Amino acid sequence: MNGKLTPFLRFVLTGLLNTGFGYASYAALVLTGMPLWLAVAGSTTLAIVFNFYSYGGIVFGNTSAQVMPRFLGFYFALGLTNFGLLKLLGNWGLGPLLAQALLLPVLAVLGYVGMRTLVFPAPGNKAG
């Protein structure tokens, strides 16, 4: 990806790449005849590892295994946040597809800020 892109734009484009990889790995596992639960578990595991290296390498310039626990914790927290917000919007009468579509920009910003500050902090701004 072009080094002249802003970090946030690189984050968004890398997110599209990650989505494609996640779907492709899921489809490949399903097409092998793997049971659905195993295809989901396998593709999720592959996607998390791929996402760590793509976000870490393309966006933040850090693929050190030392930050993997923070990445996993943040990914889990972001997933819980997504779920909670989907439930909230559902309680307000929005369907799950519309609710998720409305949350995409919110989750992108939260994902970028969280990864920039908590997972892959800039030098001199080290996370715990």
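The exercises below work through the helices and core of a predicted model.

**Exercise 1. Which residues of α3 are buried, and what do they pack against?**

Step 1. Locate the helix. α3 covers residues 68-91, 24 residues in total.

Step 2. Check its length. From first C-alpha to last, α3 reaches 35 Å. That is close to the 34 Å expected at 1.5 Å a residue.

Step 3. List the buried positions. They are Met68, Phe71, Phe74, Leu78, Asn82 and Leu89.

Step 4. Recall helix geometry. An α-helix has 3.6 residues a turn, so residues three or four places apart point the same way.

Step 5. Find the partners. The buried residues of α3 pack against α2 (36-59) and α4 (96-119).

Step 6. Look past the end of the helix. Glycine 93 follows α3 and has a positive phi, near 100 degrees.

**Exercise 2. Is asparagine 82 buried or exposed, and what does asparagine 82 touch?**

Step 1. Asparagine 82 sits in helix α3.

Step 2. Apply the cut-off. Asparagine 82 has a relative accessible area of 17%; buried means under 20%. Asparagine 82 is therefore buried.

Step 3. Leave out residues up to four places away in sequence. Asparagine 82 then touches Gln100, Leu103 and Leu107.

**Exercise 3. Where is serine 25, and what surrounds its side chain?**

Step 1. Serine 25 belongs to helix α1 (residues 7-31).

Step 2. Its relative accessibility is 8%, so serine 25 counts as buried.

Step 3. Look for a polar partner. A polar side-chain atom of serine 25 lies 3.0 Å from the backbone oxygen of glycine 22.

Step 4. Set aside neighbours within four places in sequence. Serine 25 is then in contact with Ser43 and Leu46.

**Exercise 4. Which elements give two or more residues to the largest nonpolar core?**

Step 1. Start with the members. The core has 18 residues; Phe11, Phe60, Phe71, Met115 and Phe120 touch the most other members.

Step 2. Assign the elements. α2, α3 and α4 each give two or more residues to this core. The largest share, 6 residues, comes from α4.

Step 3. Follow methionine 115. Beyond four places in sequence, its contacts are Phe11, Tyr55, Phe60, Phe71, Phe74, Tyr75, Phe120 and Pro121.

**Exercise 5. How do α1 and α4 cross?**

Step 1. The two axes come within 11 Å and cross at roughly 115 degrees.

Step 2. The crossing of α1 past α4 is right-handed.

Step 3. Name the contact residues. α1 supplies Pro7, Phe8 and Phe11. α4 supplies Ala108, Val109, Gly111, Tyr112 and Met115.

Methods: Residues are numbered from 1 along each chain as its sequence is written. This is a predicted model: local features need pLDDT of at least 70, side-chain atom pairs count only at pLDDT 80 or more; totals for chains, interfaces and linings use all residues. Side-chain values use heavy atoms; hydrogens and water are left out. Helices (H or I, at least four residues) and strands (E, at least two) are DSSP runs, numbered from the N terminus. The expected span of a helix is 1.5 Å times one less than its number of residues. Buried means under 20% relative accessible area, exposed over 50%, partly exposed in between (1.4 Å probe, protein chains only). Contact means heavy atoms within 4.5 Å. A nonpolar core is a set of buried Ala, Val, Leu, Ile, Met, Phe, Trp, Tyr and Cys residues joined through side-chain atoms within 4.5 Å. A polar contact is a pair of N or O atoms within 3.5 Å; within protein, one must be able to donate a hydrogen and the other to accept it, and residues adjacent in sequence count only if both atoms are side-chain atoms. Axes are lines fitted to C-alpha atoms, for helices over the stretch in contact, and angles run from 0 to 180 degrees between N-to-C directions. A crossing is left-handed if the near helix is turned anticlockwise from the far one by less than a right angle, and right-handed if clockwise.
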